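The following exercises concern one protein chain and its ligand.

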Amino acid sequence: YVVKDSPSAIQQVVVSVDRILASERTKALIVKPSEGCMEQEHSLLQRQRFEVIIAVEGAQALEVLDAERDIDLVLLDLDCPDYEGLMVLAEIRRRYTDMGVRVVGLSGRADDMAAPRFLKAGGDEFIRKPFCADEFTSRLLHLAAIHKRIQALSMAASRDYLTDVYNRRYFFETGKRLVDKAIRRGEKASIAILDIDHFKRLNDTYGHEVGDMVLKDVSRQLKARLGGRHLLARLGGEEFGMLFEDLDLAEAVACCDGLRKELAATPIEADGEPVTITVSIGVAAIEAEEAFDNHLNAADQFLYMAKHGGRNRVFS
Ligand code: GH3
Ligand code: MG
Ligand code: MG
Ligand code: MG
């Protein structure tokens, strides 16, 4: 079906990117060879409202990068002899691509090869000291803007536009990785498919706009219940995939039954009318060394049984 004025795929991405960019501050990590260095850089970044984190030496910088996860820029001083900036850069690049973090090198040495060496090793921007404050700020703002835009694009590409939960492509990519990891480490995991009951009838009764509002609200409720702990995605139409890390079958079934009851007990306010929906869920354990698709098919078959068993129920 086609909703009037539905934005094109490109428009959807642009809107998503703008939404993401509007809410984000740039986070920069300054790696100092010792206390008291790089004070000027620090204050220039703060003046631009960057969120600044300080690490002294490379080992601490790598720890901070691991712990914080969402750092956009790293500033490395390349001059201190017993502090090897290039080695820190190499270690950062071993762990993160330039999609993950951008690295800026600073050097005051009269060495023509410093910049090419740094850039070839995976650095993104090289600034010679002493620098003009305006140039420093402009270069970093420019780099931060590009980085933020690429990150927002990649985030938009993994989201479902209507509901803002992850999309089918992301569920398959990430789901495969998580299932492999769980099997390899012998950890518990379960997979489920949730499908709204008689959704076609709901659309026919109230119209597609109300149907869309219901999809958004069901997504919001699922996200609130599952939080960041489990992978949730809209697989298509009125169907959602869930991957439960660290839950065995019994625990996943209990979780799904909680979701089912809560959804059935929460009328959705759509266009001034309270709409009540129910859902059916199929759950399968990730235990055998099976491919991701086979686990998902198993969950789908249980979903089919839940539908035939009368809907508004969980089958496993
Ligand atoms: P069952 O209980 O067996 O799942 O029945 P159902 O009606 O929910 O399932 P069916 O697969 O027959 O119909 C799903 C409907 O979902 C048909 C389609 O028009 C509607 N749908 C799919 N995507 C969207 C959407 O993005 N928005 C709206 N409003 N409806 C959608
Ligand atoms: Mg169906
Ligand atoms: Mg359905
Ligand atoms: Mg369906």
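**Exercise 1. Overall form of the chain**

Determine what share of the contacts with a separation of 6 or more joins residues 24 or more positions apart, and then describe the dimensions of the chain.

Solution. In this predicted model, residues 24 or more positions apart account for 69% of the contacts in the protein chain with a separation of 6 or more. The next step is to list the secondary structure, which comprises eleven helices and twelve strands. Turning to dimensions, the radius of gyration of the protein chain is 25 Å, whereas a compact globule of 316 residues would have a value near 20 Å. Along the principal axes, the C-alpha atoms fill a box of roughly 75 × 45 × 30 Å. Finally, 31% of the 316 residues count as buried.

**Exercise 2. The shell around ligand 1**

Identify which residues come nearest to ligand 1, and state which elements give two or more residues to its shell.

Solution. The shell consists of 18 residues, of which Asp197, Phe199, Lys200, Gly211 and Gly237 come nearest to ligand 1. Two or more residues each are given by β6 (189–196), α8 (199–206) and α9 (208–226).

**Exercise 3. The packing of α8 against α9**

Decide whether α8 and α9 are roughly parallel, roughly perpendicular, roughly antiparallel or oblique, and describe the contact between them.

Solution. Two packed helices are described by the angle between their axes and the distance between the axes. For α8 and α9, the axes come within 7 Å and cross at roughly 130°. An angle over 145 degrees would count as roughly antiparallel, and 65 to 115 degrees as roughly perpendicular. The two helices α8 and α9 are therefore oblique to each other. On the α8 side the contact is made by Phe199, Leu202, Asn203 and Tyr206, and on the α9 side by His208, Val210, Gly211 and Val214. By class, this contact of α8 with α9 has five nonpolar and three polar residues, with no charged residues.

**Exercise 4. The surroundings of Val104**

Is Val104 buried or exposed? Locate Val104 and give its contacts beyond four places in sequence.

Solution. Val104 is found in strand β4, which spans residues 102–107. The cut-off for a buried residue is 20 or more other C-beta atoms within 10 Å. Because Val104 has 21 C-beta neighbours inside 10 Å, Val104 counts as buried. Leaving aside neighbours within four places in sequence, Val104 is in contact with Leu73, Val74, Leu75, Leu76, Asp124, Glu125, Ile127, Leu140 and Leu143. Glu91 lies 13 residues from Val104 along the chain, and the C-alpha atoms of these two residues are separated by 14 Å.

**Exercise 5. Ala157 and Lys181**

Compare the location and exposure of Ala157 with those of Lys181.

Solution. Ala157 is placed in the loop between α6 (133–156) and α7 (168–185), whereas Lys181 is found in helix α7 itself. Lys181, with 12 other C-beta atoms within 10 Å, is exposed. As for distances, Ala157 and Val17 are 140 residues apart along the chain, and their C-alpha atoms are separated by 9.5 Å. Lys181 and Ser154 are 27 residues apart along the chain, and their C-alpha atoms are separated by 23 Å.

**Exercise 6. Backbone features in loops**

Where are Arg49, Asp164 and Pro130 found, and what backbone feature does each show?

Solution. Arg49 is found in the loop between α2 (39–47) and β2 (51–56). Its phi is near 65°, a positive value in a residue other than glycine. Arg49 has 9 other C-beta atoms within 10 Å and is therefore exposed. Asp164 lies in the loop between α6 and α7, with a positive phi near 70°. Because 15 other C-beta atoms lie within 10 Å, Asp164 is partly exposed. Pro130 is found in the loop between β5 (125–128) and α6. The peptide bond from Lys129 to Pro130 is cis, with omega near 0°.

Notes:
Residues are numbered from 1 along each chain as its sequence is written. Chains are lettered from A and ligands numbered from 1 in the order in which they are written. This is a predicted model: local features need pLDDT of at least 70, side-chain atom pairs count only at pLDDT 80 or more; totals for chains, interfaces and linings use all residues. A residue is near a molecule or strand if its C-beta atom, placed from the backbone, lies within 6 Å of it. The radius of gyration is taken over C-alpha atoms; the globule rule is 2.2 Å times the number of residues to the power 0.38. Two residues are in contact if their C-beta atoms, placed from the backbone, lie within 7 Å. Axes are lines fitted to C-alpha atoms, for helices over the stretch in contact, and angles run from 0 to 180 degrees between N-to-C directions. Angles under 35 degrees count as roughly parallel, over 145 as roughly antiparallel, 65 to 115 as roughly perpendicular and the rest as oblique. Ala, Val, Leu, Ile, Met, Phe, Trp, Tyr, Cys and Pro count as nonpolar, Asp, Glu, Lys and Arg as charged, and the others, Gly among them, as polar.
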